[in-house]
Amino acid sequence: MTAAPQVVVLADSNSLAAATAARLVTAIIDAQAATGSASVVLTGGRTGTAVLAQVLAVPAKDAVDWSRVDFYWGDERFLPAGDPDRNETQAREAFLDHLPVDPARVHVMEPSDGKFGDDPDAAAEAYARLLVAKAPGEETVPAFDVCLLGVGEEGHTASIFPDSPAVHETDRTVVAVRDCPKPPPTRVSLTLPAIRRSREVWLLTGGESKADAVGLALDGATEVDIPAAGARGRSRTVWLLDKAAAAKAPGTHRA
Ligand SMILES: O=C1O[C@H](COP(=O)(O)O)[C@@H](O)[C@H](O)[C@H]1O
């Protein structure tokens with residue numbers, strides 16, 4: 001069972017990043033109060049990275065015990081370690097390097113020059129094994145407190161592109177993705193069944209170029225056509241948008 005989407009619209013990209021960062025800090029504080037720790041799936045992309053950078057400006061960030069947050073990634077561009085286009089590199093520069101996180105709780109997807117070499121399938125399988133190790137009981141994926149996701153112009157989320165093998169995956173939790181229409185062509189991604197294990201899924205996007213995909217996703221498009229439409233959390237699914245991205249979304253309200 002997953003939650004139907006809610007939509008929150010902010011005035012512009014700066015407000016979107018600031019408001020989402022504040023929500024994220026609150027969600028982490030709430031999770032730590034309830035269970036002692038928190039888990040967050042990070043996203044790459046312009047909006048996602050802007051949100052992470054804004055976390056540093058949230059006063060309540062000092063109420064978080066950053067050493068008790070597990071960080072995962074929804075997808076990764078399969079590039080050498082430290083490449084500026086890796087989602088990991090961008091997240092580290094935007095916020096992880098500036099917070100007292102526990103390095104052992106920063107769970108990166110392997111780079112293309114990592115221990116599996118240039119083999120994205122091996123990197124995907126390793127990440128799937130990591131998720132099993134972190135999941136409770138017989139589960140294969142942790143119940144992430146918050147899964148942050150971006151949305152592409154054509155409706156991709158994580159690195160799940162329309163009508164690609166990844167969007168048809170029903171069994172595996174992490175897959176290698178090849179021949180992506182958006183560079184770089186090779187990536188590693190959580191699948192939709194893995195994303196749907198999250199307690200909360202937050203889809204973040206801004207700008208006019210995303211309005212068609214957002215409108216279609218919220219108006220009943222299939223996940224095969226618009227993969228972001230299939231990204232839902234068990235307790236909450238929230239689309240956090242700026243006005244431009246929300247222009248074609250049905251039933252929106254201002255934050
Ligand atoms: O390539 C990717 O793009 C999406 C969206 O990025 P944006 O710059 O259009 O916001 C992102 O969600 C994904 O993690 C990333 O690998």
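# Exercises on a predicted model

Threonine 173 is located in the loop between β5 (146–150) and β6 (174–177). The structure used in these exercises is a predicted model.

## Exercise 1

Determine whether threonine 173 is buried or exposed, and state which residues are in contact with threonine 173.

**Solution.** Step 1: the relative accessibility of threonine 173 is 13%. Step 2: buried means under 20% relative accessible area, so threonine 173 counts as buried. Step 3: with neighbours within four places in sequence left aside, threonine 173 is in contact with Ala128, Leu131, Thr140, Val141, Ser189, Leu190, Thr191 and Ala194.

## Exercise 2

**Solution.** Not counting residues up to four places away in sequence, isoleucine 195 touches Cys147, Leu149, Ala158, Ile160, Leu190, Val201, Ala231 and Arg232. As a general background, nonpolar side chains tend to be buried together in soluble globular proteins.

## Exercise 3

Classify the aromatic pair of tryptophan 66 and phenylalanine 95, and explain which parts of the chain the pair ties together.

**Solution.** Step 1: the count of aromatic pairs comes to four. In the pair of tryptophan 66 and phenylalanine 95, the distance is 6.4 Å centre to centre, with 85° between the planes. Step 2: planes over 60 degrees apart count as edge-to-face, so this pair is edge-to-face. Step 3: tryptophan 66 lies in the loop between α2 (46–55) and β3 (69–73), and phenylalanine 95 in the loop between α3 (87–94) and α4 (120–134), so the pair ties together parts 29 residues apart in sequence. Step 4: tryptophan 66 is buried at a relative accessible area of 4%, and phenylalanine 95 is buried at 1% relative accessibility.

## Exercise 4

Classify the pair of phenylalanine 71 and phenylalanine 95, and name the residues of the aromatic cluster.

**Solution.** Step 1: the ring centres of phenylalanine 71 and phenylalanine 95 are 5.8 Å apart and their planes stand at 85°, so the pair is edge-to-face. Step 2: this pair links distant parts of the chain, with phenylalanine 71 in strand β3 and phenylalanine 95 in the loop between α3 and α4, 24 residues apart. Step 3: phenylalanine 71 is buried, with a relative accessible area of 1%. Step 4: Trp66, Phe71 and Phe95 form one aromatic cluster.

Definitions and conventions:
Residues are numbered from 1 along each chain as its sequence is written. This is a predicted model: local features need pLDDT of at least 70, side-chain atom pairs count only at pLDDT 80 or more; totals for chains, interfaces and linings use all residues. Side-chain values use heavy atoms; hydrogens and water are left out. Contact means heavy atoms within 4.5 Å. Rings of Phe, Tyr and Trp (its six-membered ring) pair if their centres lie within 6.5 Å; planes under 30 degrees apart count as stacked, over 60 as edge-to-face and the rest as tilted. Helices (H or I, at least four residues) and strands (E, at least two) are DSSP runs, numbered from the N terminus. Buried means under 20% relative accessible area, exposed over 50%, partly exposed in between (1.4 Å probe, protein chains only).
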